There are 2 protein chains.
Amino acid sequence: MTDERTMKTTLMEIGKSAKAASAILANTPAAIKNQWLLAMADALDSSHEVILSANAEDMERGRAKGMSSAMLDRLLLTPDRIKGISDALRYVTTLEDPVGHVLSSVERPNGIKINKVSVPIGVIGFIFESRPNVTVDAAGLCLKSGNAVILRGGSEAFQSNMTLAKCISDAGIAAGMPAGAVQLIPFTDHAAVSMMLKMDSCINLIIPRGGERLIRTVVEQSTIPVIKHYKGVCHVYVDKTADFDTALKIIENGKCQRPGVCNAVETVLIHEAIAKDFVPAFAALMKEKGVELRASQDVLALADGLNSATDDDWSAEYLSLILAVKTVPSVQDAVAHINQYGSGHSDAIVAADPEALEYFLNYVDSAAVYANASTRFTDGGEFGMGAEIGISTDKLHARGPMGLQELTTYKYKIFGSGQIR
Amino acid sequence: MTDERTMKTTLMEIGKSAKAASAILANTPAAIKNQWLLAMADALDSSHEVILSANAEDMERGRAKGMSSAMLDRLLLTPDRIKGISDALRYVTTLEDPVGHVLSSVERPNGIKINKVSVPIGVIGFIFESRPNVTVDAAGLCLKSGNAVILRGGSEAFQSNMTLAKCISDAGIAAGMPAGAVQLIPFTDHAAVSMMLKMDSCINLIIPRGGERLIRTVVEQSTIPVIKHYKGVCHVYVDKTADFDTALKIIENGKCQRPGVCNAVETVLIHEAIAKDFVPAFAALMKEKGVELRASQDVLALADGLNSATDDDWSAEYLSLILAVKTVPSVQDAVAHINQYGSGHSDAIVAADPEALEYFLNYVDSAAVYANASTRFTDGGEFGMGAEIGISTDKLHARGPMGLQELTTYKYKIFGSGQIR
């Protein structure tokens, strides 16, 4: 525990330093930012020993605290994983610089010319849990997009995060980067997060990544704009005009390929006209893949070995091999169910009927709506953004995957010759 | 005072009704929305009597409470002003519909096609003070952009706002608009605002318009994203290469044309190399226009009748005929001053030197930066947006004037043929 005054003083220094750095970063050419990123990548490659030793401390504390093997695996760094992290930084240097693009330009009747130009957001506060690689990934994307970043990682990865942040920050500074560009909050106290969330004079955006509880706390406390997603309750709706093989393939991919991620499928809705024909094959496939089905009453009768769903199942984010199943009498009812219980993340329809497809895509109020494709594509890489810093289910500023472009805003540059109003 | 439970029940009904309406509005063609707007405009024109009578109640209460004549004038409705309000609605029907535009489209190597399409934000909570015309203006822009709106006006205009909102809502509903599209909160209690700011399950965006205190309260309490500006502390920097006539014209326009608005100039910065030549003419003009100058020490010596500035003057939003004046040794110092004391709204440089112009436009971190033009142009109409619902000094989602386009977000519509990952 650090005393509050020390913490506050340190945080304010971090904030001021980040704000000062952001003014420089906003006007740093792409080539220079890429040099800093490459210097960071090289530094990571030549610092395996110190990074692994810090990580070993975190791992030991994690084991002593009885962390699950899945959590321990998320925390673990290996030489291969560190190489993966530095290669990801190198990859970011190959992406297009999102800053300085003229997004639109208009000359008004009075002769003033108004250019809308993309600029960095400024200072980004990034709050995350467990995986230490996120320290470097987030810093790389913020820096590439001309933003300063203040990182706050989970306490379980504290030594790893501190070491990684120091390694890349030192390397960047040695290559000419301003000192406040990449900083990590050196306190594990919850109070440090609360203070950070009130620093609206020097932080422009908070991106929290983690469990729903963390994110809700951030939203409740922050006076800084937040971009977030609480959870991913994604649906596949199988229309009466669906091709069954396509539907099975998309459901299996959505549920089984990587069940622990936010774009995995949690609920399947089946048009009641085809339930009798579809459910047996569907239930057999899910059984084969080890997926537990929690079904509405009418579905239970159509196959063996299903469990009964309760109301809580319709809004559950299982993140594991469990799937809720329900019939609906129409595409309209499917959409109503999704808009009521879903999380506005990613939802798919499998259908041949163009009217059903159009209705679903227009009326489902989610960041990504799919016609005959897997919800697993909601991802910065899959969308062609190159990389992503997170996925937003908010509607403001960024919706869906957030890449480099979503880490910028714009300003208006107006060119006149003495015009007045 | 309404009891809290009644208030909460009513607010939740308003929220649910707005959310239900927003799903319909999002998919309503432009022609239909325009019909509703025209029906509203006609209804206003044929309801002068009831509107003026409600306004007379507000005026009487205002006089009894000792409201200033300026405030009373803001509150007053007249037949001409009501005609102005209905004509503004008719004008909105002539603007381009911002919904349904394909903003970008990409076909990925696996064959999925990803369309980024503009859609309404959903439900907008609009909190404002005094002027009753804002009730209708805001409703018109939200509706045109496919959003449902929940309005909360100032208590001093309560009867006027209620009557205007009922008039346009009834007319819209009679023309087929969903009932929850335009609603006004029927309570004057502060507690109603606090409740509204936590309704993140049915309100997607809060836009507060009013004094800094109101806006800070909103930001502190809201769990819903907020777009706002606290204040407008706008600058004109007169470079050593400035044309003096141009500089005087831009300063006069910025300060005197309409001193009470957020894009009016509050501080003039003068390059020290020209201060001796520039200040006398500048001070004479300001004296002629009745502008009080509050100047730094070195400026005081250059003309008669100036007052001494204190530190508070550099961040003051006077909204009246007062101007702070200071010399700076360079364009870099001008920028540093603006980024420290300004509000990120609108700032101008007057200069001939292209390097000074470029430096200023790149490094001043404001929504609108002007080379040789008046800051008074920061306005939706002047920018060619047709109309504005407010000005943002935030960096997220919208920066500067917010028109119809800024009242939309986007969703990704993905078209596949069975693709999985």
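This is a predicted model: local features need pLDDT of at least 70, side-chain atom pairs count only at pLDDT 80 or more; totals for chains, interfaces and linings use all residues.
View 1. Chain A contributes 71 residues to the contact, and chain B contributes 71 residues. Between them the two chains bury about 5900 Å², with 51% of this area on carbon and sulfur atoms. Of the area that chain A buries against chain B, 14% is supplied by Leu396(A), Tyr412(A) and Arg421(A), more than by any other three residues.

**View 2. Polar and charged pairs across the interface of chain A and chain B.** The number of salt bridges between the two chains is 2. In one salt bridge, Arg421(B) is paired with Glu382(A), and the closest N and O atoms are 3.2 Å apart. Polar contacts across the interface of chain A and chain B involve 43 residue pairs, with both residues at pLDDT 80 or more.

**View 3. Elements on the side of chain A that touches chain B.** The helices of chain A that give two or more residues to this side are H1 (4–25), H9 (212–221), H10 (244–256) and H14 (354–363). The strands of chain A that do so are E2 (113–120), E13 (368–373) and E16 (408–419). With 11 residues, E16(A) gives the most to the side of chain A that touches chain B. By residue class, this side of chain A comprises 31 nonpolar, 24 polar and 16 charged residues.

**View 4. Strand pairing between E16(A) and E13(B).** Strand E16(A) is joined by 5 bridges to strand E13 of chain B, residues 368–373. The two strands run parallel. Within this pairing, Lys413(A) lies opposite Val369(B) of E13(B).

**View 5. The four-stranded open sheet of chain A.** The 4 strands follow the order E5-E4-E3-E6 in chain A, and their pairing is parallel. Opposite Leu151(A) stands Leu184(A) in E5(A). Helix H9(A) packs on the sheet and touches strand E3 (123–128) and E6 of chain A. The direction of H9(A) makes an angle of about 160° with that of E6(A).

View 6. Over all chains, the structure holds 34 salt bridges.

**View 7. The four-stranded open sheet of chain B.** In chain B, 4 strands are arranged in the order E5-E4-E3-E6 as an open sheet with parallel pairing. The edges are formed by strands E5 (182–184) and E6 (205–209) of chain B, each with a single partner strand, so one side of each is without a neighbour in the sheet. From one strand to the next, the twist averages 20°. Strand E4 of chain B (residues 148–152) and E5(B) run parallel and are joined by 3 bridges. Leu184(B) in E5(B) is the bridge partner of Leu151(B).

Conventions. Residues are numbered from 1 along each chain as its sequence is written. Chains are lettered from A and ligands numbered from 1 in the order in which they are written. Side-chain values use heavy atoms; hydrogens and water are left out. Contact means heavy atoms within 4.5 Å. Buried area is the accessible area (1.4 Å probe) that two parts lose on being put together, summed over both. A salt bridge is a side-chain nitrogen of Lys or Arg within 4 Å of a carboxyl oxygen of Asp or Glu. A polar contact is a pair of N or O atoms within 3.5 Å; within protein, one must be able to donate a hydrogen and the other to accept it, and residues adjacent in sequence count only if both atoms are side-chain atoms. Ala, Val, Leu, Ile, Met, Phe, Trp, Tyr, Cys and Pro count as nonpolar, Asp, Glu, Lys and Arg as charged, and the others, Gly among them, as polar. Two strands pair if DSSP finds at least two bridges between them. Axes are lines fitted to C-alpha atoms, for helices over the stretch in contact, and angles run from 0 to 180 degrees between N-to-C directions.
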